[in-house]
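Please look over the sequence and the model below before reading on. The paragraphs after it are meant to be followed with the structure in view.

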Amino acid sequence: MTKQEVLGKKPLQVLQKIRENLERLNEKMEIMIELQKRGKKDVQPLPEAPLDVMTLLSMPDHLRKTAMTLCRLGRATAEDVAQQTRRARAVESGYLNQLVIMGHLKKERKGRKAYFHVDKENQG
Amino acid sequence: MIWLGKIIAVHSYKGGTGKTLISVNFAATLVKQGKKICLLDLDFRAPSLATIFKIEKADYWLNDYLNGTCEIDKVLIDSSERIGNAGKLFVGLANPTTEAIRDMSAKDRKWEMRALGRLLALRNSLLNDKGFDYLIFDTSPGLQYSSINAIVSADVVIVATTFDRSDVEGTKRMLRELYDLFEKKTEVVVNKVLYDVSMKSGKDEVQTRIEGIHKVPVLGIIPCFCDVSRAEGTFIFAQEKPNHPFTKILDEMAKNLDNITA
């Protein structure tokens with residue numbers, strides 16, 4: 001690798017890092033907004049809220065689409081879901097976090113990525 | 001283009017509209033065309049396929065697969081010889097004993113959610129890994145967990161309906177409040193229609209009428225055939241009567257299905 005290439009790569013890495021941090025911030029803000037909407041008593045995610053078909057039926061359309069896509073994918077990032085639904089990644093991230101707060105999904109961080117899934121024992 | 005197998009759920013609002021008749025004969029027709037088909041009995045409240053395929057005892061049932069006590073390959077029974085055609089037919093049976101029916105109707109939401117996960121997993125295990133062309137789900141009528149799970153897992157829903165007034169109204173509601181919400185591709189098959197099969201105009205009239213009522217495409221119109229009723233479900237019509245008008249209609253439906261799912 002030439003000296004010029006090394007120098008050119010660094011700003012790119014910095015920009016990538018800034019983007020990841022902004023995405024994390026964005027996710028946290030979405031959760032805070034959601035929690036505020038629900039009031040303090042609902043701060044903890046609901047422990048028992050199985051994502052069965054009747055629950056899917058009763059959801060608003062935008063959340064149903066996200067939840068169904070995740071059911072099909074099993075375990076996925078907001079990016080994976082966005083590719084399927086053809087909606088923006090940030091939009092899907094918001095909906096997925098909303099579903100986590102409602103107790104329907106679980107969220108795990110692996111390195112820099114956040115993975116969402118239906119409760120593991122319920123994935124078949 | 002690579003062909004990816006598809007999942008078809010055959011559903012209806014009311015019982016007795018011909019779901020099982022359509023599922024079984026549709027499967028036989030597709031096998032006749034050289035396809036590899038898996039027909040699954042998801043009507044756990046009134047299982048029928050064990051009787052139709054004359055299988056008295058199975059080592060494993062679909063009930064066991066959904067309970068998570070066995071894998072799907074243990075459940076599938078190779079019935080290709082029974083059909084004796086170019087393709088392959090595997091069937092998965094629902095346990096018809098009263099005890100099993102009672103057990104399945106007492107499942108809770110969490111179990112139903114796991115069952116949905118296991119149905120969704122069939123796309124990988126059967127379509128992708130085992131190379132089936134179609135999985136056909138024969139479901140229970142109406143809004144029941146097992147049927148909605150099947151609908152959610154399917155690519156296309158075939159709705160069997162009749163001109164019975166309450167069936168028409170119920171089907172209309174289901175199209176609006178169930179299939180549309182899950183964004184499912186839906187096709188209607190109208191069964192037990194009273195018109196002369198030799199008169200094309202009668203069929204066109206029925207098709208226009210149905211499309212006007214339900215606002216979805218019509219996959220097939222099946223007249224009321226006394227021969228089909230007379231068979232009393234003792235044999236598979238599309239297999240044993242290849243030149244009967246009923247079989248010809250099924251042939252046409254199978255051809256159209258390929259275009260719909262392509």
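Predicted model: local features only at pLDDT ≥ 70, side-chain atom pairs only at ≥ 80, totals over all residues.

Chain A contains 5 helices and 3 strands, and reading along its sequence gives the order α-α-α-β-α-α-β-β. Of its 124 residues, 23% count as buried. Among the contacts in chain A with a separation of 6 or more, 55% are accounted for by residues 24 or more positions apart.

Within chain A, helix 3 deserves a careful look. After helix 3 of chain A comes Gly74(A), which has a positive phi, near 90°.

In general, a pair of packed helices is described by the angle between the axes and the distance between them. Helix 3 (residues 61-73) of chain A packs against helix 5 (residues 89-101) of chain A at an angle of about 85°, and the two axes lie 10 Å apart. Because angles of 65 to 115 degrees count as roughly perpendicular, helix 3 of chain A is described as roughly perpendicular to helix 5 of chain A. On the helix 3 side of chain A the residues that meet the partner are His62(A), Leu63(A), Thr66(A) and Ala67(A), while helix 5 of chain A contributes Glu92(A), Tyr95(A), Leu96(A), Gln98(A) and Leu99(A). The residues of this contact divide into 5 nonpolar, 3 polar and 1 charged.

Where does chain A touch chain B, and which elements supply the residues? In the contact between the chains, 12 residues of chain A meet 16 residues of chain B. On the chain A side, helix 2 (53-58) and helix 3 each supply at least two residues, and helix 3 of chain A gives the most, with 4 residues. By class, the side of chain A that touches chain B has 6 nonpolar, 3 polar and 3 charged residues.

In chain B, consider helix 13 (residues 245-261). Its 17 residues should span 24 Å at 1.5 Å a residue, and its end C-alpha atoms are 24 Å apart, which agrees. The buried residues of helix 13 of chain B are Ile249(B), Leu250(B), Met253(B), Ala254(B) and Leu257(B). These residues cover an arc of only 145° around the axis, and therefore they lie on the same side of helix 13 of chain B. An α-helix has 3.6 residues a turn, so residues three or four places apart point the same way. On the other side of helix 13 of chain B, Lys255(B) and Asn259(B) are exposed. The cover over the buried residues of helix 13 of chain B includes helix 1 (19-32), strand 8 (218-223) and helix 12 (237-240) of chain B.

The last stop is Ser12(B), which is found in the loop between strand 1 (6-11) and helix 1 of chain B. Is Ser12(B) buried or exposed? Ser12(B) counts as buried, because it has 27 C-beta neighbours inside 10 Å. Leaving out residues up to four places away in sequence, Ser12(B) touches Thr17(B), Lys19(B), Pro141(B), Val159(B), Ala160(B) and Thr161(B). The C-alpha atoms of Ser12(B) and Leu143(B) are separated by 9.3 Å, although these residues are 131 residues apart along the chain.

Conventions
Residues numbered from 1 in each chain as written. Chains lettered and ligands numbered in written order. Expected span 1.5 Å × (residues − 1). Buried ≥ 20, exposed ≤ 12 C-beta atoms within 10 Å, placed from the backbone. Arc of directions from axis to C-beta. Contact = placed C-beta atoms within 7 Å. Axes fitted to C-alpha atoms, helices over the stretch in contact; angles between N-to-C directions. Parallel < 35°, antiparallel > 145°, perpendicular 65-115°, else oblique. Nonpolar A, V, L, I, M, F, W, Y, C, P; charged D, E, K, R; others polar.
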